[in-house]
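Subject: Structure for your files

Hello,

Here is the structure you will be working with.

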Amino acid sequence: MATNGELVTLERVGQVYASGERPFFAIQDVTLALREGEFVTLVGPSGCGKSTLLRIITGLQRPSEGRVLYRGEPLRGINPHATIVFQTFALFPWLTVLGNVDIALKARGLPPTLRTARALDLLDRVGLDGFEGAYPRELSGGMRQKVGFARAMAVDPELLCLDEPFSALDVLSAEALRGELLELWTTGKIPTRAILMVTHNIEEAVFMADRIVVMQKDPGRVVTELQVNLPHPRQRKAPAFLEMVDKVYATLAGQTQPEHIEMGSAPGEPGQKRPLPHTTITALAGLLEHVATRPGDRADLYRIAEELGVGSDHLLGLTEAAELLGFATVTGGDIALTPLGETFAEASILARKEICATRIRRLPLFRWLLAMLQATHEKRLERDVAHTALELDFPAEVAARQLETLINWGRYAELLAYDDTRDVFYLEPAGAATAGHGGTAVKEE
Amino acid sequence: MPRAKHVFRTSSPMHRTATWADAVVVVGLAVLLYAGVRLALGAPAAIRGPEISLAPSALPWYAGLSCLRMLAAYLLSLLFTLPYGYLAARNRRAEHVLLPLLDVLQSVPILSFLPVVLLSLTAILPERLAVELAAIVLIFTSQAWNLTFAWYQALSTIPMELREASAAFRFPPWLRLTTLELPFAALSLVWNSVMSWAGGWFFLMAAEIFHVGQRDFRLPGLGAYLQEAASQGDAGAILHGVGALVLVIVLLDQLVWRPLLAWADRFKLEMVDGEGAPSAWFLTALREARVVAWARSAVWGPVLGRVDAWLLARMPSPTHFGETTPPAARWGLAAVGSLVLGYGGLRAAALLLAVPLAAWAAIATGLLLTLLRVGVALAVALAWTVPLGVAIGSSPRLAAWVQPLVQITASVPATALFPILLLAVVRLPGGANLAAVLLMLMGTQWYLLFNIIAGAAAIPQDLKLTSALLRLSRWDRWRTLILPAVFPFLVTGAITASGGAWNASIIAERAEFGGQVLSTSGIGSLIAEATATGDYPLLLAATLAMIVTVVLLNRLVWRRIYRYAEDRCRLE
């Protein structure tokens, strides 16, 4: 079968989770090809299904829709030509460094004599000679990940899948390991034909990849693919590099939409639902204060990520919250404070709570929750009831996170109180009083 | 020995409330009991017990027999545990059935089964063999559940990335079992084995001394030796017997469990080098011994390697996504199951209807009285274990010399001392009642004490310092820090303790001692009497009533308290 050098072909792949009566798409309609000789990265906000996609490609997970082809053949079960390097290393703590590499060879049915020689050679290549007898817990994070790479190489994979391989490492180890991997890859010292890496670090993606696949959430899908035509080794400070990073940020952070689209609709109402970003108001205030120190109250998103040392994942959640509450607008990878956002950044704590309350009350989710609380006899609502209602629109764990965000924001704005021991929302001051600890003061709507 | 009990305590799924599954399980137990009782109809009216020699030279023989019974039951437990836990953890449908079953079995007073099992087995097997088998089955039922839970929990808590790694590298099932699942579960399995053995002694001793009316179910072993010695009032023999029992338990601890625990420490998941790893002199000696090294490299290693390779080749790695069982087979299984349950349930109900109203009233009173005794025993135990446990837990110096003492004392199964206890109280007014409460107390107080010590030791130093800095009064300190911090541990201990107390009632409320029957009303004595007289409907009714009561108590009372304690007071 002609494959045009395509290693992996995804045809309209989707992953549906049925929760209650309505299906939710973790991934929808993804069509993607991975060709030989390519280093591709998947980037996107958390919840966009990039890790799910990686698991589908390796065969760890079966997609509920669409087809996965490997060299033109449909994939059934674990892909024998692919292997994974995990974010958290996934080493067996009770096996030595040598044992951890050896086990991958043993699973392939190699005789013991061959195994040891080959494992030692692999460890040698990643620079771990002398550490064969050590246990993973004796190694630094960077060295553990080297074992992870050696183990992945042990099975001579055609396709190397990396699941955020550098994100659990300290900055220096991560940088060193990136360089070493690029060297192995660009000089052809490993038989790997293609690399697919999931990352939430946009700079890392631009630094390493030939092609960046940008994904978006709700539902998880591929929005665009960007070719990176910079020669290796890439210079992080080069204008072309920065331009590329900015471009990815611009694609990911999108454009601030008109309010009704930005906010989505309330549960039970028709229209697109928008889950609240899972952030705290305190962290949001930190971001706004930081942007307020920039000239013109505007800043490049990728610069902020660097300056504050936050992952792009987290930053994107914060900008989403800022847009949602009308504190900032995003255009072309830049964030700019609105007059309201400026006021918020300079306000005292009490004034911030006031501003927050007026803004939050407009959000469909809050309107819905507050209306439900008003409608109940004792101005109280069981968490379970709210959760069940939210589950009609969101998958269970998203619904749970929505409630956490509702509680955090609602408490900050003093719009509602929550009793953690009884799992009940309150509205009335009297209710808050009986709630004892666990509830903050309450203001009537 | 039970030092770190709290660490590897298998927590039953306490978040579940009573469901239809519980009802099904209880009906299943009723059917099982009914089948046992039906078999028991043919049980011989008189059973001759063994001759127990009080000569000290007989002790090693008896000790060996007792240990063999324990070992047989333990192996049986492991054999049961591995496939059961595997099925429950890997098959969603099976989980829905197996987990509630395990959950109820864990809270059932196991000793209440003893009479039915003994009677039914003696009806179909030669007497001595039947009694041996009954003892082993009984010990098995006391050892298996927590092991199974530990294994199930380990299997279902294996970190996702390790499971994915073994899938991505296409581990064959055998390799996955030996490099991932067993190592991951090892520490918890070993700890639970220690607990299972400690608990097993209690039931072994109970089984060895069980004797009602014309039916002498005793077994030659350490328990029967102690009972005979107490019965004859032979102080020297009592001393010998207790000494032998303590020696056996200490030897097992030093030569088996401690080395195993020290060895299993390597399977810790922590990625940080731990301090204070447990050590055992015997393991160190084994590691240093040349003979052992030779045996490992020349015999053990090659044999294991051969077996490993053979099994590896037998089980190829999976290449396709898993197949699901055909629905027809599932429905067939479900149909057969409900038929058996339905028919058996009806027959059991018919037998229960034969129980006169007066007997039901007696059962109700018996339950109430036993409940009262359990309550008194718990209260007395709490009264002394809370102050002492907190004192030991918060003072390492005190712990250093009290702890070993307490551990040795606690390791002697209360049932072994019961005949001696009877000897002491037999002449006192209300002797039987007193003996019953005392036995319950002896069997349960240690669970409480060890848990409270653990709880007090787990109070963070910064909180203690804060309360000192705030100059809280002694009362305030107890109220705001110590009691809430210890509470979850106390509840955990109390749940185990109350289970133990109910178990104890079976042998505590009616005992035969030196040809004299010491009896006090209660559900335990009711069951024992029904066994002695062969009143099978009553036996079924009383046993079932006790099981249902204890399960309900666990569900409706203990579970709520436990959840409250975990939610409110657990220091993370």
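This is a predicted model: local features need pLDDT of at least 70, side-chain atom pairs count only at pLDDT 80 or more; totals for chains, interfaces and linings use all residues.

Chain A: domains

Chain A: strand β8

Strand β8 of chain A runs over residues 194-198, and five of its five residues are buried. In a regular strand, side chains alternate between the two faces of the sheet. What covers the count on each face of β8(A)? On one side A:Ala194, A:Leu196 and A:Val198 are buried, and on the other A:Ile195 and A:Met197 are buried, so both faces are covered by the definition of a buried residue, 20 or more other C-beta atoms within 10 Å.

Two strands pair with β8(A). Strand β3 of chain A (residues 39-43) is joined to β8(A) by four bridges, and the two run parallel. In this pairing, A:Phe39 is opposite A:Ile195. Strand β7 of chain A (residues 159-163) is also parallel to β8(A), and five bridges join them. Here A:Cys161 is opposite A:Leu196. From β7(A) the chain passes through helix α5 of chain A (residues 171-186) to reach β8(A), a β-α-β crossover that is right-handed.

Chain B

Chain B contains 20 helices and four strands. Its C-alpha atoms occupy a box of roughly 70 × 65 × 55 Å along the principal axes. Is the chain compact or extended for its length? A compact globule of 572 residues would have a radius of gyration near 25 Å, and chain B has 25 Å, so the two agree. Of the 572 residues in chain B, 43% are buried. Among contacts in chain B with a separation of 6 or more, 81% are between residues 24 or more positions apart.

The domain assignment gives chain B three parts as well: domain 1 (65-268), domain 2 (281-315) and domain 3 (356-572). The centres of domain 2 of chain B and domain 3 of chain B, taken over C-alpha atoms, are separated by 44 Å.

Contact between chains A and B

How many residues of each chain take part? In chain A 24 residues are in contact with 29 residues of chain B. On the chain A side, β6 (82-85) and α2 (97-107) each supply at least two residues. The element that gives the most is α2(A), with four residues. By class, the chain A side that touches chain B has 14 nonpolar, five polar and five charged residues.

Regards

How values were computed. Residues are numbered from 1 along each chain as its sequence is written. Chains are lettered from A and ligands numbered from 1 in the order in which they are written. Two residues are in contact if their C-beta atoms, placed from the backbone, lie within 7 Å. Ala, Val, Leu, Ile, Met, Phe, Trp, Tyr, Cys and Pro count as nonpolar, Asp, Glu, Lys and Arg as charged, and the others, Gly among them, as polar. A residue is buried if 20 or more other C-beta atoms lie within 10 Å of its own, exposed if 12 or fewer, and partly exposed in between; C-beta atoms are placed from the backbone. Two strands pair if DSSP finds at least two bridges between them. A crossover is right-handed if, with the strands pointing away from the viewer, the path from the first strand over the helix to the second runs clockwise. The radius of gyration is taken over C-alpha atoms; the globule rule is 2.2 Å times the number of residues to the power 0.38. Domain bounds come from an automatic or database domain assignment.
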